[in-house]
Amino acid sequence: MQKLNDKMDFMKKEKKWVREYGKWLKNKEGNAPKPPKNPDNPDSVPKAPASVQSAEKKVKTLEARIKKLKIQLEMKEDNKTVALGTAKLNYMDPRITAAWCKKVGLGIEKVFPKTLRLKFPWALDVDADWRFLETGKRKLSSTTNSKKRKAEEKEEEEEEEEEEEEEEEEEEEEDVQNASTSTKKKARRSSSTSSSRGRAKKRA
């Protein structure tokens, strides 16, 4: 991270120097501006532009490089707590990466090393317009329907069990009522028989 920051500082100094050197080429008054020293390589000196046009062109080139380096620094800062290699290997469908590479015209070897290309050969055959979202929707829809069917089947089973329990309770109540009625009839018969015997004894 520190090396990138040092590189950024040097490129900014170099851009400033090239701009000033371009102005000096126009007027050629006084001494030419001295180039900045590269902290990574003190013996290396930036090449001075030969003309005003080449100075302007070099300024634009340096601005583009500074912008690119700034993006790299921001990405490094944002991804400090993310293991991109692990995410690419374990958490992200390799077909997403393969399809994206084909779509933007980037060689898959720039993203997947040989070991991963050998590990995911089935993922490299996808088309550039392949989308994970559509596949995911189909899977999600299938899973949702399956869960819905299971829930409906469970409800039907519970309803059937409740109906069976109600029928059993009704049958038990009928049995109790029948038993009670039968007991009452027997009691009446017994009472009637006892009364008849008592009357017979009195007559005798």
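Predicted model: local features only at pLDDT ≥ 70, side-chain atom pairs only at ≥ 80, totals over all residues.
Gln2 is found in helix H1. Leu73 is 71 residues away along the chain, yet the two C-alpha atoms are 9.8 Å apart in space. Leu73 belongs to the buried residues of H2.

Before that, the overall plan. Read from the N terminus, the order of elements is α-α-α-α-α-α. The chain holds 204 residues, and buried residues make up 19% of them. Consider the contacts with a separation of 6 or more: 69% of them join residues 24 or more positions apart.

Confidence comes next. The mean pLDDT of the chain is 77. Residues that reach 70 or more make up 70% of the chain. Among the elements, helix H6, residues 132–203, has the lowest mean pLDDT, at 63. Helix H4, residues 94–104, has the highest, at 90.

Now return to H1. This helix covers residues 2–27. After H1 comes Lys28, whose phi is positive, near 55°.

H2 covers residues 52–78. Its 27 residues should span 39 Å at 1.5 Å a residue; the end C-alpha atoms are 39 Å apart, so expectation and model agree here as well.

How do H1 and H2 lie against each other? Their axes come within 9 Å and cross at roughly 165°. That makes H1 roughly antiparallel to H2, because angles over 145 degrees count as such. H1 passes H2 in a left-handed crossing.

Next, the buried residues of the pair. In H1 they are Leu4, Met8, Phe10, Met11, Glu14, Trp17, Val18, Tyr21, Gly22, Trp24 and Leu25. H2 is part of what covers them. In H2 the buried residues are Val52, Ala55, Val59, Leu62, Ile66, Leu69 and Leu73. The cover there includes H1. An α-helix has 3.6 residues a turn, so residues three or four places apart point the same way. Keep that in mind when reading the H2 list, with Val52, Ala55, Val59 and Leu62 among its members.

H4 is the next stop. Its buried residues are Pro94, Arg95, Thr97, Ala98, Ala99 and Cys101. Take Thr97 from that helix. Thr97 is buried, because its relative accessible area is 7% and the cut-off for buried is under 20%. Which residues does Thr97 touch, leaving aside those up to four places away in sequence? They are Met92, Ile108, Val111 and Phe112.

Lys103 also lies in H4, but this residue is exposed, with a relative accessible area of 66%. Lys103 and Trp130 are 27 residues apart in sequence. Their C-alpha atoms are 9.5 Å apart in space. After H4 comes Gly105, whose phi is positive, near 75°.

Key: Residues numbered from 1 in each chain as written. Heavy atoms only, no water. Helix = DSSP H or I, 4+ residues; strand = E, 2+ residues; numbered from the N terminus. Expected span 1.5 Å × (residues − 1). Buried < 20%, exposed > 50% of the residue type's maximum accessible area, 1.4 Å probe, protein only. Contact = heavy atoms within 4.5 Å. pLDDT = per-residue confidence, 0-100. Axes fitted to C-alpha atoms, helices over the stretch in contact; angles between N-to-C directions. Parallel < 35°, antiparallel > 145°, perpendicular 65-115°, else oblique. Left-handed = near helix turned anticlockwise from the far one by under 90°.
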